[in-house]
Amino acid sequence: MLRIAWKFIKFDKAKSIGIITAIVISIFLIGQQLGLLFFLMGLMGNLVGNADLQERDLWVIESQSKNINAINRIDSRLVQEIASIPHVEKTIPVLLATAQATFHNGKTAAVTLVGTDAPGFIMGPSAERISSGRLIDLGQPLQVSAEFFNSKTWETELTIGKAIEINGKQAKIGLITKGAQAFGASLMYTSMENARYFSGVSPTEINLILVRLTEGQDKVAMQEKLQQLFPNLKAWDPVKLKNSTVKEILITSNMGMSFGTLVIFAMISGFFIIGLTLYSSALDRIKDYGTLKAIGAKKSYVNRLIIAQAFLYAFIGYIIAMALIYGFKMGVANSGLIIEISFPFAFFLLFITMLISIGGSLFAVRKITKLEPASVF
């Protein structure tokens, strides 16, 4: 079946090239847009993704926010109050403060200081996202981290020990991260003391309390208890807070709608271009299909022949499209745009390819199904 289908494909090379080109363009656009969307979604929740999480952790923030990147400050005395609750192992304060970094070339950049207690640095950055330097060095006075991929944007070389200014105060880069960016912000990790020094935030204010429960303690029960004791706070499971952050940003920015529309239109356009081209190709070969029926080929055989052609088109187009997507992935990697092509994602693109190609072939199948063999003679 596939051998005969391949002969049909080679017979009309112009239409075959057109169909494969339509598949390649559609799948490349779908893969590119979804890859970019997943990358941005990762950035949205990177404050959570960079942290050293454990299953028994809860993150306590003010009750109004559902976005970890935009939370109001709370009273630092709550750290001790929550620590006194039974089944709470420890509480760790976290400060998120906006600041301005200035480099020797005069370039300035808005940054977000992430301050937490040394030497644990539970907020991160995680070990796999450290490019150079030691995490423990951030506990030293004036030391902050910097993101490797920001060097191009900031037009400066980032090296360990490089002197910079933060809010007009002298600082040094003690750690360089790679892939620890955040959505709309450049994160600089440091100790709580350094973050307060650079930002000028009062010692009575923090943004987040990381609560680590004792072994075996029910997280849901503790969330309800904290809600009762502190109505103005909300205790989140960190993973759920990350998902909430992504959802909130996608909705408020209309980013989900924009990317979704592009993907849907790429699918629709590919479906109809492929379908109509296959339909046109079937009309050109209608005598061949009629002859097959006349010499005894069943209707199901002819239908499978058309679908087999669509399958081969899809397979060839998918291989080319994936090669282009991998090329795009490698081309943008040096700029910090990390596109992940996982097996489920690749399988999803294969499914979409088969869907639009085989689905589009139904135009031709419907035409040939109604064909009477005698009409072609």
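Where is the place of Glu-147? Glu-147 sits in strand β6, which covers residues 143-147. Before I go on, a reminder: this is a predicted model.

Let me stay with Glu-147. Is Glu-147 buried or exposed? Its relative accessibility is 1%, so Glu-147 counts as buried, the limit being under 20%. What is Glu-147 in contact with, leaving aside its neighbours within four places in sequence? The list holds Leu-158, Thr-177, Lys-178, Gly-179, Ala-180 and Gln-181. Now look at Tyr-189. Tyr-189 is 42 residues away from Glu-147 along the chain. Their C-alpha atoms are separated by 9.7 Å.

Next, strand β7. This strand runs over residues 163-166. One face is covered, and it holds Ile-164 and Ile-166.

Which strands pair with β7? Take β3, residues 88-102. Two bridges join β3 to β7, and the two run antiparallel. Ala-101 has Ile-166 of β7 as its bridge partner. Then take β8, residues 169-177. Four bridges link β7 and β8, again in an antiparallel arrangement. Here Ile-166 has Lys-169 of β8 as its bridge partner. So much for the pairing. What about the turn? The hairpin of β7 and β8 has two residues between the strands. In that hairpin, Asn-167 takes a positive phi near 55°.

On to a helix. Helix α6 spans residues 192-199. How many of its eight residues are buried? Six of them are, and the helix is mostly covered. The buried ones are Met-192, Asn-194, Ala-195, Arg-196, Phe-198 and Ser-199. Just after α6 comes Gly-200. Gly-200 has a positive phi of about 75°.

Now the charges. Side chains of opposite charge can pair when their charged atoms come close. How many salt bridges does a search of the whole structure find? The search finds six. I will walk through some of them.

Start with Asp-75 and Arg-77. They form a salt bridge, and the closest N and O atoms are 2.6 Å apart. How covered are the two partners? Asp-75 is partly exposed, at a relative accessible area of 26%. Arg-77 is exposed, at 57%.

Next come Arg-134 and Asp-137. Their side chains meet in a salt bridge, 2.9 Å from N to O. Arg-134 is exposed, with a relative accessible area of 52%. Asp-137, by contrast, is buried, with a relative accessible area of 16%.

Then Asp-237 and Lys-219. Their side chains also meet in a salt bridge, at 2.5 Å from N to O. Why does this pair tie together parts that are 18 residues apart in sequence? Because Asp-237 lies in the loop between β12 (233-236) and α8 (238-253), while Lys-219 lies in helix α7, residues 219-229.

One more piece. Which residues do salt bridges with shared partners join into one network? They are Arg-56, Glu-89 and Glu-215.

To recap. Strand β7 pairs with β3 and with β8. Helix α6 is mostly covered. Thank you.

How values were computed:
Residues numbered from 1 in each chain as written. Predicted model: local features only at pLDDT ≥ 70, side-chain atom pairs only at ≥ 80, totals over all residues. Heavy atoms only, no water. Buried < 20%, exposed > 50% of the residue type's maximum accessible area, 1.4 Å probe, protein only. Pairing = 2+ DSSP bridges. Salt bridge = Lys/Arg side-chain N within 4 Å of Asp/Glu carboxyl O. Contact = heavy atoms within 4.5 Å.
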